[in-house]
Protein chains: 2
Amino acid sequence: MADGKLGTNIGGNIGAGAGILAKRFQKSMNRAQEKVLQKLGKTMETKDEQFEECSANLNKQQTDGIRLYKDVKAYYNAVKVMHESSKRLSQTLKDIYEPDWHGVEDLTVIMESEDLLWNDYEEKLNDQVVRTMENYTAQFQDVKERVAKRGRKLVDYDSTRHHLEALQSAKKRDDAKVNKAEEEFNKAQEVFEDINKELREELPVLYQSRISCYVTMFQNISNLRDVFYKEMSMLNHNIYNMMKKLEDQHSTKPFIVKGLNS
Amino acid sequence: MADGKLGTNIGGNIGAGAGILAKRFQKSMNRAQEKVLQKLGKTMETKDEQFEECSANLNKQQTDGIRLYKDVKAYYNAVKVMHESSKRLSQTLKDIYEPDWHGVEDLTVIMESEDLLWNDYEEKLNDQVVRTMENYTAQFQDVKERVAKRGRKLVDYDSTRHHLEALQSAKKRDDAKVNKAEEEFNKAQEVFEDINKELREELPVLYQSRISCYVTMFQNISNLRDVFYKEMSMLNHNIYNMMKKLEDQHSTKPFIVKGLNS
């Protein structure tokens, strides 16, 4: 390989930096060449069907996770909008409620309780649902980078193997070159197999975790809504009763809008 | 008044149209002149304190009504957004739910019921709350126009009265002119008093109706929410149970996000 020569042309730190760059360049040149040969059918690409399945699952899992994350985020935002409009409506009722109207003393208590309930709901939705999904989807970035690295190591492995095979089947065999190529092949094989084994163990576990993630998330949403609906129902009854007091005070007849009930 | 002369200068339909225009112009000239004299303190403006109070109440009532209408409209829109985001979340769950996962048969039923419940809630909110407020606030336009008309008739009344007083106290009294002015004054008084009486009767009734409007509206909101929370709670439990089935099938452990529970 040419990196040794390039590296020694420039001395000191700059030389070391340039050496690393040259090495990287050489690596990607070798990989590109190997991919071209594989595409042309000149060399064989190593296939790991079990890994391919894991990788396809990972892609699906990530797509589903991101979609779900977007949905819970939108759901959370909708809850905030609902809170805001609900609060504004109560505030208007408070502002137009006249001091001598019955039930005015209940209104402030109801409004404060409503606000607390909404805040609690929002906060827990954020903690138990939005952040859960955020952390779940955040894992994929790192895993996908390692899958990409495995891909590069696989190309190196194939490349060194084909290089070795070429040298072994050469008419004029050069044992020193063959030995060096064998060494490089063994090293590339070890690196690839290590990362491949790691991912083949990790990916199914990660894939399986989607079920517990979905279960946890939807059970959390369900629990939070349950508490919210129950407590809101009580405040809702309080509003009804407050309006009943006002109605009794003024003994008003049911409100009829002209032209609708005639 | 000069309108008769102006009117006869032009014949036919055009003349009639021009006559009406000229009459209107003369009327507004007379009113403007009267307002200027009142402002300068040269003449007295008739004040009806009871009516002034009714009118102030009407303005407040309209402002409050419009504010409440905007709020319920925003509330209704927020409910629609909440429905949409809730539906999307359920749809995603349905799409990512695998065919061999337990509980899949419940999901479609839950989703359809959820959608029906949201639609029912939205429709009734629109009918019983948004449209109620819409019809309530729509009344004010007509009433405000009649209050403005009363204002113009009041100026006419004052103007004819001052005109009559001026003629009566003139050094050289012209009985024919005084009689005509008296006739005009009596007519203006009758017109003004009719509309004033009408409004003094109607405005307090309209003002009182705000209470029954608020009572009806907030009781409707409360009732609709009550039904919605109760029925949604049941569907919510169904989702929880469905997730329980899935959990049991895969006997998954609680979902732990890395770095949060360590």
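So, B:Arg210 and A:Glu98: their side chains meet in a salt bridge, 2.8 Å from N to O. By salt bridge I mean a side-chain nitrogen of Lys or Arg within 4 Å of a carboxyl oxygen of Asp or Glu. Between chain A and chain B the count is 4 salt bridges.

Quick housekeeping. This is a predicted model, where local features need pLDDT of at least 70 and side-chain atom pairs count only at pLDDT 80 or more, while totals for chains, interfaces and linings use all residues. Residues are numbered from 1 along each chain as its sequence is written, chains are lettered from A and ligands numbered from 1 in the order in which they are written, and side-chain values use heavy atoms, with hydrogens and water left out.

Back to the interface. We also get 14 residue pairs in polar contact between the two chains, both residues at pLDDT 80 or more. A polar contact here is a pair of N or O atoms within 3.5 Å; within protein, one must be able to donate a hydrogen and the other to accept it, and residues adjacent in sequence count only if both atoms are side-chain atoms.

Who supplies the surface? On chain A, the elements that give two or more residues to the side touching chain B are helices H3 (49-96), H4 (104-168) and H5 (175-250). H5(A) gives the most, with 29 residues. Helices, by the way, are DSSP runs of H or I, at least four residues, numbered from the N terminus.

In total, 63 residues of chain A are in contact with 63 residues of chain B, contact meaning heavy atoms within 4.5 Å. The buried area between them is about 5,900 Å², with carbon and sulfur atoms giving 65% of that. That's accessible area, with a 1.4 Å probe, that the two parts lose on being put together, summed over both.

Now, symmetry. Chain A can be laid on chain B with an RMSD of 0.1 Å, by a turn of 180 degrees and a shift of 0.0 Å along the axis. So that's the relation of a two-fold axis. In chain A, the C-alpha nearest the axis belongs to A:Tyr229, at 2.7 Å.

Beyond its neighbours within four places in sequence, A:Ala188 is in contact with A:Asp156, A:Tyr157 and A:Thr160. The C-alpha atoms of A:Ala188 and A:Asp156 are 6.2 Å apart, though the residues sit 32 apart along the chain.

Terms used:
Copies are superposed by least squares on the C-alpha atoms of residues with pLDDT of at least 70 in both.
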